[in-house]
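Subject: Structure handover

Hi,

Here is the structure I promised to pass on. Please open it alongside this note.

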Amino acid sequence: MTGLDRATHHAGYWPSPWPVECGGNRRQKAHSGGLHAAHRRAAVSLRNNGRWNVMAVRRDAHEWYLGGTMAAFAGPPPFGWVERIDLPSLEGRALSPELPCGEHVWCGAILVHANGDLYCVNGNYLHRLDHASLEVVSHTRLPADRSHNGLLALSDGTLVTKDLRLESQGGTTLTRLDAQTLEVIATLTLPEGSMGRIAADVDAQGDRVLIPGTEHVWSVRCAAAGLEVEEWRPRYRRPDDPWGLAWDACVSDGACWLMDCGDVESVRRIHTVLPTGRYPQGGVPRLSWRLPSPRAGAQKLLRLDLADPDDVRAIEPFSTPGGGIIAPPVHVPEHDMAIAWDSINGGLAGVRDDGELSVAWTLDVRASMQPVVFPDTGELVINDFTERGEDHLVVVDIATGALLDRVPTGSNIANGMFLSADGEGGVIYCTTAFVAHVRWS
C-alpha cells in the first residue's frame, strides 16, 4: 500500500497529516518518515493537568489541539474540553469553555474539519469550535442519550458518530450530521450493540463505515439519502464464546483487523450505569484494566476479509487464558505485519499475514494504548506499563520485534488512549491526568 493510498481517506479533513484520531478513517495509525530511535536520544516534556486526556490532532504546522473529558465518576458533573497547545512545552494557548456531555463519563473524540473548525463529541453532545478562540460556534444534543465514542468526517464533509452499548443493552445508534448546521441527516439503529469506535473507507460506491458489533462487524453505506446496511456482515464471535467484544477496527490491505476480549471488568462497570460512569458519591467501584478478565478465552487477533464475509481468520498469539485489552490492533501492510497484545496478562506480538496468520515474534511488554507506526523506518511506538507502576514508551522494530528504545514518560497511569505522530520525529502521549511529548533528536 502506497502513501498515496493511505492518504485517500483524508477527504473531509483539513489538509493535515494527523487531523483525526489514528491519523485517518482507516485507523492505520501510520505516519511517513520515522524516529530513528535506535540512534537518537529521547527528550520528554510532561504536563499533569489533572484531566482525562484522550487525543491530540493537528491543524496547520505547530497548531496542535488536545481533547478530552473529566474522569468525574462522582461529584461535580463531567464535561468535555479542547485546548490548543504548544510543542514541546505542552503549554496551553487557548481553552474551550466547559462542553456539556449529558453527564456521561467516557472518552470522546475531536477532529479538524475541512472547513477549518474543530468538532468534539463527548457524551451525547456534539460541539463545533472556532479553531482560533475555541469558542463554541454551535452544538447539538445527539439522538441517543448514551456516551458516544468516535467521530469521523466522510469524504463529502458530513460527520458520523455512534453511541456505545455492551451486550444486552440494545442496538447501537449511528448518527450522520451536516457539519455546517449540525442537523441530523440520518440515524440508523443496528440489531446489535457496539463497543468499539467506527472506522471508514472510500471505494467506487462512496463512503463505507465499519461498526464492530457484539457478534458481527457491520458495514453501513453512506449514500446521499442517508445510511444503508450492507450485506457484508462477518461473524467474529457468538454469545456463548469464551471471548469478549471487539474494540475498533483497523482497515488495511483488503481486511478488517480486530482484537476481541475488550469488555474488561472496568468497562462493564462504567457502562452498566446511566448516565455512563456516574456513581453516587462514595459509591465508585474500582476501575482498572488490570482486574481479572471476565472472559476465559485467550486474547485473539482476527482478520476479516472485506470482500468475503465468510473469510474470518483468527490467532491466539499468547495462548494465555483470561485475555483482555482496551485498545485495537494495527496492521502495517508495508511489512505484512499486524501487531497485537494482551494488556491483562502482558505480551506484545507481531503476526505475519502470509495467507494464514502466524506469530513472527513476541516481546515481554504490557501495552494498553493506541500505537503509532512509521512504515518507512519500520518502527512501532506503544506503551509498556511496568511492574513498578510506571508507563514507558517503547520503540519496537516491526519486522523483528527488537526493542529499539525505552523512554519513561513520567506518568504512573496507563489507559487505552491515543498516541499521535508530531511529524517532527516525536509523538504526543495522552492518558488520565498526564500528557507528554517525546521527541528523538
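Below are the findings, grouped by topic.

This is a predicted model, in which local features need pLDDT of at least 70, side-chain atom pairs count only at pLDDT 80 or more, and totals for chains, interfaces and linings use all residues. Residues are numbered from 1 along each chain as its sequence is written, and side-chain values use heavy atoms, with hydrogens and water left out.

Core. The largest nonpolar core holds 134 residues. Such a core is a set of buried Ala, Val, Leu, Ile, Met, Phe, Trp, Tyr and Cys residues joined through side-chain atoms within 4.5 Å. Buried means under 20% relative accessible area, exposed over 50%, partly exposed in between (1.4 Å probe, protein chains only). V82, L126, C256, L258, W341, L348 and L380 have the most contacts inside this core. What does C256 touch, leaving aside residues up to four places away in sequence? Its partners include L210, V217, W232, A249 and C250. R303 and L304 are also among them. Contact here means heavy atoms within 4.5 Å.

Sheet. Four strands make an open sheet, ordered β17-β18-β19-β20, with antiparallel pairing. On average, neighbouring strands are turned by 20° against each other, direction ignored. Axes for this are lines fitted to C-alpha atoms, for helices over the stretch in contact, and angles run from 0 to 180 degrees between N-to-C directions. β19 (residues 301–305) pairs with β20 over 4 bridges. In that pairing, L301 stands opposite I315. Two strands pair if DSSP finds at least two bridges between them. Helices (H or I, at least four residues) and strands (E, at least two) are DSSP runs, numbered from the N terminus.

Loop. S288 sits between α2 (265–271) and β19. S288 is buried, at 17% relative accessible area. V267 is 21 residues away from S288 in sequence, and 8.7 Å away in space, C-alpha to C-alpha. A polar atom of the S288 side chain lies 3.0 Å from the backbone nitrogen of R290.

Cysteines. How many disulfides does a search of the whole structure find? It finds 0. The cut-off is a pair of cysteine sulfur atoms within 2.5 Å. For C107, the nearest cysteine sulfur is that of C430, 11 Å away. C107 is buried, at 4% relative accessibility. The C222 sulfur is 15 Å from the closest cysteine sulfur, in C256, so the two are too far apart for a bond. C222 is buried too, at 8%.

Best wishes

Technical notes. A polar contact is a pair of N or O atoms within 3.5 Å; within protein, one must be able to donate a hydrogen and the other to accept it, and residues adjacent in sequence count only if both atoms are side-chain atoms.
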